[in-house]
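Below is a briefing on one protein chain, for use alongside its sequence and coordinates. It covers backbone angles, helix faces, a cavity and model confidence.

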Amino acid sequence: MGSLAGKSTLDIEDLRLVSPQPIVGKTSSLEIAPPRSFFSPGTEDFGCRSIPSCIFRSTKIALFSNKLNLLIPCGPLAILVDKLTNHHGWVFFLSLLGIIPLAERLGWATEQLAFYTGPTVGGLLNATFGNATELIISMHALKSGMIRVVQQSLLGSILSNMLLVLGCALLGGGIVHCKREQVFNKSSAAMNSGLLLMAVMGLLFPAVLHFTHTELHFGKSELVLSRFSSCVMLVAYGAYIIFQLTSQKNLYNPVNEEGTQTEGGSADNEEPDIPKWESIMWLFILTSLISVLSEYLVNAIEGASVALNIPVAFISVILLPIVGNAAEHAGAVMFAVKDKLDISLGVAIGSSTQIAMFGIPFSVVVGWIMGRPMDLNFQLFETATLIMTVLVVALMLQDGTSNYFKGLMLLLCYLIVAASFFVHIDPESVQDRPSIPP
């Protein structure tokens with residue numbers, strides 16, 4: 001579902017350090033009850049008697065209410081190391097660690113704003129900001145002319161969500177509920193699988209056209225085809241969002257063991273932590289901070305590859321997606337453990353769908369505007385990996401049931417993918433070639 005394509009943030013009931021109210025079971029904003037008016041003044045009493053006290057309270061909740069925020073100083077430290085030294089490996093490592101809490105807080109701010117917009121518009125906000133970290137990194141890489149990094153990082157985000165995140169969620173939920181099989185909405189999973197297969201089609205044809213040398217104009221036709229296909233994929237994803245908002249609003253309601261949908265969220269009346277305008281302010285602040293750190297991260301990728309003797313392909317496909325989505329990964333596992341598997345699927349499969357049908361074609365269009373030859377030819381190795389991943393996950397989800405063995409299979413598949421990219425020599429990457437043994 002488009003509204004669930006944005007990744008839910010961590011269930012923070014166990015991660016609270018400072019809380020303005022008694023801690024209760026925190027739930028995702030996707031399960032909330034009646035929306036509050038977005039444009040009318042808030043009726044909640046947040047205990048703010050003056051502007052300084054409001055700023056202090058909002059900062060305390062945003063920056064000191066989660067244990068992951070202990071990693072925030074890694075961001076300024078990465079900038080300091082970059083300015084004072086030439087250690088690209090440390091800059092890359094510290095930038096990765098600094099982005100983790102910022103990405104988690106960005107999801108938190110989105111959920112806070114969703115309290116005032118309702119689950120429908122809130123889902124669109126989650127879809128927009130849930131993958132913001134990956135898109136920001138891609139835009140910086142595209143601006144620097146690192147087209148392969150853009151392609152591989154977006155591909156890695158899809159692989160990570162479909163194999164690692166979903167695998168951990170199914171494994172965790174299956175172990176906790178080992179006495180029975182968990183169930184989820186088959187129709188939503190099938191629809192997302194269909195969209196992913198459409199994305200595979202868009203990536204497959206330019207690659208085949210290039211490697212079979214059957215282009216009408218060699219070197220140009222695949223770029224034109226990629227841009228045309230990207231526009232079609234964006235239209236398809238837009239139609240998918242409209243369809244979800246108008247026809248399938250209850251598509252992700254929980255499913256019971258008999259396979260029927262149940263109304264969710266009626267018993268979980270959670271109050272927001274901050275007012276709506278503070279939520280908007282934190283969205284812009286966190287997005288700006290992620291953008292700054294992403295620039296240092298992208299600039300250090302090639303140097304870190306040489307310093308750490310790790311292929312750029314492995315960094316782009318494996319490390320960037322794992323660290324960038326670490327908080328959301330844990331959130332998907334928590335929902336599966338609580339037998340809310342539909343939300344876990346929304347985080348994993350829905351996010352993969354958004355990257356495949358929106359993130360990748362959007363990058364192609366932006367590259368077109370920038371004058372960069374960004375296309376959908378991801379090379380044969382990467383395209384084959386994506387095809388097999390989509391097919392494996394589609395087969396795993398076709399019956400609408402889940403158990404720990406399915407999760408284990410997905411995790412083992414991800415290990416094979418990670419090992420493959422560690423020994424893979426990207427023909428387009430100059431940095432990988434010197435590492436070839438004599």
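**Briefing on the predicted model**

Helix α9 is followed by N309, which has a positive phi near 55°. The model is predicted, and its chain holds 14 helices and two strands. Of the 438 residues in the chain, 55% are buried. Among contacts with a separation of 6 or more, 83% join residues 24 or more positions apart.

- Most residues other than glycine have a negative phi.
- N309 is a residue other than glycine, yet its phi is positive, near 55°.
- The loop between α9 and α10 contains N309, and this residue is exposed, with a relative accessible area of 57%.
- H213 is not a glycine either, and its phi is positive at about 55°.
- H213 sits in the loop between α6 (186–211) and α7 (221–246), where it is exposed at a relative accessible area of 58%.

**Helix faces**

- An α-helix has 3.6 residues a turn, so residues three or four places apart point the same way.
- In helix α9 (residues 301–308), the buried residues are I301, A304 and S305. They cover an arc of only 105° around the axis, and therefore lie on the same side of α9.
- V306 and A307 are exposed on the other side of α9.
- In helix α2 (residues 74–84), the buried residues are C74, G75, A78 and V81. Viewed down the axis of α2, these fall within an arc of 125°, so they line one face of the helix.
- The other side of α2 carries the exposed residues P76, K83 and L84.

**A buried loop residue**

- Is H177 buried or exposed? H177 has a relative accessible area of 17%, which is under the 20% limit, so it counts as buried.
- H177 is placed in the loop between α5 and β1 (182–183).
- Leaving aside residues up to four places away in sequence, H177 touches Q182, A336, V337, K338 and D339.

**Cavities**

- Rolling a probe the size of a water molecule over the atoms shows where empty space is left.
- The model has four cavities of 30 Å³ or more.
- Ten residues line the second largest cavity, and E134, I137, S153, L320 and P321 are the ones nearest its centre.
- Which elements give two or more residues to the lining of the second largest cavity? They are α4 (132–143), α5 (147–176) and α10 (312–324).
- Helix α4 gives the most to this lining, with four residues.
- Sorted by class, the lining of the second largest cavity comprises four nonpolar, five polar and one charged residues.

**Confidence**

- The average pLDDT of the chain is 79, and 77% of the residues score at least 70.
- Where in the chain is confidence lowest, and where is it highest? Helix α11 (residues 326–337) is lowest, at a mean of 76, and helix α14 (residues 404–422) is highest, at 94.
- Residues 1–44 have a pLDDT under 50 throughout, and the model gives them 145 contacts beyond four places in sequence.
- Residues 430–438 also have a pLDDT below 50, and this stretch has 13 contacts in the model beyond near neighbours in sequence.

Note on methods: Residues numbered from 1 in each chain as written. Predicted model: local features only at pLDDT ≥ 70, side-chain atom pairs only at ≥ 80, totals over all residues. Heavy atoms only, no water. Buried < 20%, exposed > 50% of the residue type's maximum accessible area, 1.4 Å probe, protein only. Arc of directions from axis to C-beta. 1 Å grid on protein atoms, 1.4 Å probe; cavity = no way out; pocket = protein on both sides within 12 Å on 5 of 7 lines; lining within 4 Å. Points joined across faces, edges and corners; volume = space filled by probe spheres on them. Nonpolar A, V, L, I, M, F, W, Y, C, P; charged D, E, K, R; others polar. pLDDT = per-residue confidence, 0-100. Contact = heavy atoms within 4.5 Å.
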